[in-house]
Amino acid sequence: KRQVMEKLTEGSEKRSLYDWKKWFWSRFKKDKSEEARSEANRYNLSGKMLYVSDLDGTLLHNDKTISKSTISSIHELIKEDNYFVVNTGRPFYRVSDILKELDIVSDKQYVCCFNGGLITSTDHKTILYENKLKDEEAYELIKLAEKVSINVLAYFDDIILADEIPSDVSYLNSLSCCKVIEGGKASLLEKHGFYKIIYVGTAEE
C-alpha cells in the first residue's frame, strides 16, 4: 500500500499512508468538503471524486449489516455530485439487495462485479465494461481442475455452477443461483460466457 501511495504522489509532496487515509475519510465530513475539494485540485483532479469500496469486511459489518451512518455518508458524497462505487468479486445478483439497502439504485451510479469482470449501472440497465474469460482459458482451468479432482465454481451472468456446493462456503448453500453441474466438469466444456472460475479445496489440493 505504501508503494502505491508513493507512486500516486510521485513528483509532488510525499505523504504517509496515514495522511492519505486521513485525507480520504475527511471527505465523509460535510464541513470538510470544500477543503478536500481544494486539496483534490492540488493534485490535478477534478472537483468530482470517485470513491470505491469493497463489501465484505469493509462496507459490511461481520454480521453483513450496514450502519445508518455509513448510508448517510454515502448519500452526502453523492449529493455533492460524486460517485460511490461498490467493487466486489460477487455477481450482480448477489449485490442488488445491498444496493437497494444503500438506496443507490440509479442509472448514474455504478457497481463493479466479478473482480472487475463487469461494471454496470446500479439499476443494471447500462453496462459500461464487460470482460469475460475467453472460452479456451476457461476450458483450460476446468480441465486442470478435473485432472487434480478439485471442486470448481463457474460464474455466469445469472448462475454459479459447481461440482458440489461446498460446505465451507456457507453463503452458497441457500442460494437458488448456485446449481450442481449436471454431467460434471465435462459439461462445462460446452458452456460459454464465464466471468470467473474459482477452485475450492484444501491447501494441499
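This note goes through the predicted model point by point, from its overall make-up to single residues.

1. Basis of the values. The model is predicted, so local features need pLDDT of at least 70 and side-chain atom pairs count only at pLDDT 80 or more, while totals for chains, interfaces and linings use all residues. Residues are numbered from 1 along each chain as its sequence is written, and side-chain values use heavy atoms, with hydrogens and water left out.

2. Overall make-up. The protein has seven helices and nine strands, where helices (H or I, at least four residues) and strands (E, at least two) are DSSP runs numbered from the N terminus. Of its 205 residues, 40% count as buried; buried means under 20% relative accessible area, exposed over 50%, and partly exposed in between, with a 1.4 Å probe and protein chains only.

3. Four strands form an open sheet in the order 8-7-6-9, with mixed pairing; two strands pair if DSSP finds at least two bridges between them. Strand 8 (178–180) and strand 9 stand at the edges with a single partner strand each, so one side of each is left without a neighbour in the sheet. From one strand to the next, the twist averages 25°, an angle taken between N-to-C directions, on a scale from 0 to 180 degrees, of axes that are lines fitted to C-alpha atoms, for helices over the stretch in contact.

4. Strand 6 and strand 7 pair in the antiparallel sense over three bridges, and L153 stands opposite A162 in strand 7. Helix 6 (residues 135–147) packs on the sheet, where it touches strand 6 and strand 9, and its direction makes about 10° with that of strand 9; contact here means heavy atoms within 4.5 Å.

5. N151 lies in strand 6 and is buried, with a relative accessible area of 10%. Its side chain reaches the backbone nitrogen of D163 at 3.2 Å. A polar contact is a pair of N or O atoms within 3.5 Å; within protein, one must be able to donate a hydrogen and the other to accept it, and residues adjacent in sequence count only if both atoms are side-chain atoms.

6. Aromatic pairs. How many aromatic pairs does a search of the whole structure find? The search finds five, where rings of Phe, Tyr and Trp (its six-membered ring) pair if their centres lie within 6.5 Å, and planes under 30 degrees apart count as stacked, over 60 as edge-to-face and the rest as tilted. One of them joins F114 and Y155, whose ring centres are 6.4 Å apart with planes at 85°, so the pair is edge-to-face. F114 lies in the loop between strand 3 (110–113) and strand 4 (118–121) and Y155 in strand 6 (residues 151–155), so the pair ties together parts that are 41 residues apart in sequence. F156 and F194 form a tilted pair, at 4.7 Å centre to centre and 45° between the planes; F194 is buried, with a relative accessible area of 0%.

7. Around Y155. F114, Y155 and Y195 form one aromatic cluster. The charged end of K196 sits over the ring of Y155, 4.8 Å from its centre; this requires NZ of Lys or CZ of Arg within 6 Å of the ring centre and within 35 degrees of the ring normal.
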